[in-house]
Protein chains: 2
Amino acid sequence: MLQAGARMDIRIPSTTHLTDAQRIDWLRLIRSDNVGPRTFRSLINHFGTRRGGAARPGRICGEDDARAELAASQRLGVRLLAPDEAGYPPRLAVLDDAPPLLGVRGALELLMRPVIAIVGSRNASGAGLKFAGTLARDLGDAGFVIASGLARGIDQAAHRASIESGTVAVLAGGHDRIYPPEHEDLLATIIGSGGAAISEMPIGHAPRARDFPRRNRLISGAALGVVVVEAALRSGSLITARIAAEQGREVFAVPGSPLDPRAAGTNDLIKQGATLITCAADVIDAVEPIMGRPIELREPDDDPLAHEPDASDRARITGLLGPTPILLDDLIRMAETSPAMVRTVLLELELAGRLERHGGGLVSLI
Amino acid sequence: MLQAGARMDIRIPSTTHLTDAQRIDWLRLIRSDNVGPRTFRSLINHFGTRRGGAARPGRICGEDDARAELAASQRLGVRLLAPDEAGYPPRLAVLDDAPPLLGVRGALELLMRPVIAIVGSRNASGAGLKFAGTLARDLGDAGFVIASGLARGIDQAAHRASIESGTVAVLAGGHDRIYPPEHEDLLATIIGSGGAAISEMPIGHAPRARDFPRRNRLISGAALGVVVVEAALRSGSLITARIAAEQGREVFAVPGSPLDPRAAGTNDLIKQGATLITCAADVIDAVEPIMGRPIELREPDDDPLAHEPDASDRARITGLLGPTPILLDDLIRMAETSPAMVRTVLLELELAGRLERHGGGLVSLI
């Protein structure tokens, strides 16, 4: 990852460690209202410092609050890492919407190893649970770290079977707000056995429904590929699979009978191009060729100052938006202007609290 | 099919009906020892008449025997049709190894409609049987004729569910030697309800084990595509799928749990490129684009007289053969001579009773 930093367009210090002051500054910015990972990055690119905001920003996180979060994190053994620091999953670090500070608890070195995500239904069948366990164990034996979402069902089976070989729980809430609560013991076992947990949310943040799709991008983002074991149609695991495909990750799906509704989602994924797998070897065969490949870096943004919008640009782009989420790519195409221009207007809207970013590159007006 | 005949290289009369005398002649040739469909075609091409044989032919079918078979067929309501005659399945007619005379019983017009084959395990699961029935019914409702092999399990379920809409039993033995015998009633129901049965074997021929793979090429050959519903590894349905792929047919497979051995074969087919299907619409979506496409004709052979082998050609090509079956394509490549030359030598070997043709383009020395 160190060599990757040279080409990254977030202006990260040339050292691989933030100073305490920098970490506090970054934390204040990312914890301010209307600032998500993409906005954080845009602000850093656009204004060059954490102080900025041509529009009307919402509440800015105070320095005391940031210091308090840092202290609370440290008490829980959670480190807040920037994308270039050791312990930050390298494949996650290069994503557009990588958390500027990721809360990492447990064995940092685990996160630097190749990761396969295993996800699936909370109300899985006995066969699905058994398969998830066997797959996680076999992939673990082959040297892969297993990432999942600490949920009931498939997630739990995958974590349990990979506790010895290495497993990572990716949390939707803060590190002290485990969902479901009865999995606090499982998480303690994971951490106690050399595993890890990651979250982009502050200590004390109770996960809301919309935090789960957001969290799912971290599960797939940290991994070489995502295996969906059982999934009904329109289930959360399919969101993870879609995000994984958008991130360029391998998507694997375990087939099942057409008469089994818990296989409807995975069969559908295979129809859409996901790779059918029935054993760990299928996964390993598919990811081995990409393991040695250098991690693809995101394209540096153009100089944002060359794309300063005027009133007519703002009106045109805002006019294309409404309460129905629209794909950023579609918006850029319809706006018939540069992507950087569109992103700048979206940034202004976001800082003004008028824009909502959904998963999968979707945005809408609030 | 009529327009196709103009380009076909079997010298079929320009009328679309054989005369009685021609039908007897053709029957004598195809029922002679060491003469299969490909040899029949080669002989017609090579010698231009049914009398030929530079090598030592085996027993030649006598005219009386041929007349007796024709009469016995007629008593059973079986017509012996040449590839260009009405009632001969058009997609089957254009294959290299199309039976020169196909015994057809029942509704000829059914065989001119688009056909989907459904095959699978004899010892199918309840879920597999149910799925096969639903699929056959839905495809039948959509206007497709269902072809299968009259076996126990999936075949039987597919036939039963398509009796009203139209179903074709493809037999491995003669029309009076039904396998399994307890399906004689099912066949009677099929014929009595406007369905059909086809066989390339003479009346009285009891099916042997090796007749089933040979028969399977007719199941796939008559169809736009083949659906494999349940299949263990190394099962007969997978042979049908392989032949179907070699024939350029669509291969569809129904997925199942990796923990279900009856899905191992179908999951494997999907890994190898077969299309995963979970409902009739998946099949229809895939075959609709090819239904309107003209049937691809086989390439006419080169002039065989331009490739008359000499002693060294014979020795070289025969030397490449042994008791282990080898792909004809590989043989042609290794022989480093023209395909027509290789085929001529194989024809001579076959007429001499020294060559065995297996399914899937495999040949071996006897």
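## The chain A–chain B interface

Let's start with a contact between the two chains: a salt bridge joins the side chains of B:K271 and A:D282, with 2.6 Å from N to O. This is a predicted model, and the rule finds two salt bridges across the interface of chain B and chain A.

The contact involves 16 residues of chain B and 16 residues of chain A. About 1,300 Å² is buried between the two chains, and carbon and sulfur atoms give 77% of that area. On the chain B side, the residues that lose the most area to chain A are B:P258, B:L259 and B:K271, which together make up 40% of what that side buries.

Now to strand β6 of chain B, residues 196-199, which is covered on both faces. B:A196 and B:I198 are buried on one side, and B:A197 and B:S199 are buried on the other.

Two strands of chain B pair with β6(B). Strand β2 (residues 102-106) runs antiparallel to β6(B), with four bridges; here B:G103 has B:S199 as its bridge partner. Strand β5 (residues 167-170) pairs with β6(B) in the parallel sense over three bridges, and B:V168 stands opposite B:A196. Between β5(B) and β6(B) the chain passes through helix α8 (residues 184-192), making a right-handed β-α-β crossover.

## The nonpolar core

Which residues have the most contacts inside the largest nonpolar core? They are A:V168 and B:V168, in a core of 72 residues.

Leaving aside residues up to four places away in sequence, A:V168 touches several others, among them A:L110, A:L111, A:V145, A:I146, A:A196 and A:I198.

Key: Residues are numbered from 1 along each chain as its sequence is written. Chains are lettered from A and ligands numbered from 1 in the order in which they are written. This is a predicted model: local features need pLDDT of at least 70, side-chain atom pairs count only at pLDDT 80 or more; totals for chains, interfaces and linings use all residues. Side-chain values use heavy atoms; hydrogens and water are left out. Buried means under 20% relative accessible area, exposed over 50%, partly exposed in between (1.4 Å probe, protein chains only). Two strands pair if DSSP finds at least two bridges between them. A crossover is right-handed if, with the strands pointing away from the viewer, the path from the first strand over the helix to the second runs clockwise. A nonpolar core is a set of buried Ala, Val, Leu, Ile, Met, Phe, Trp, Tyr and Cys residues joined through side-chain atoms within 4.5 Å. Contact means heavy atoms within 4.5 Å. Buried area is the accessible area (1.4 Å probe) that two parts lose on being put together, summed over both. A salt bridge is a side-chain nitrogen of Lys or Arg within 4 Å of a carboxyl oxygen of Asp or Glu.
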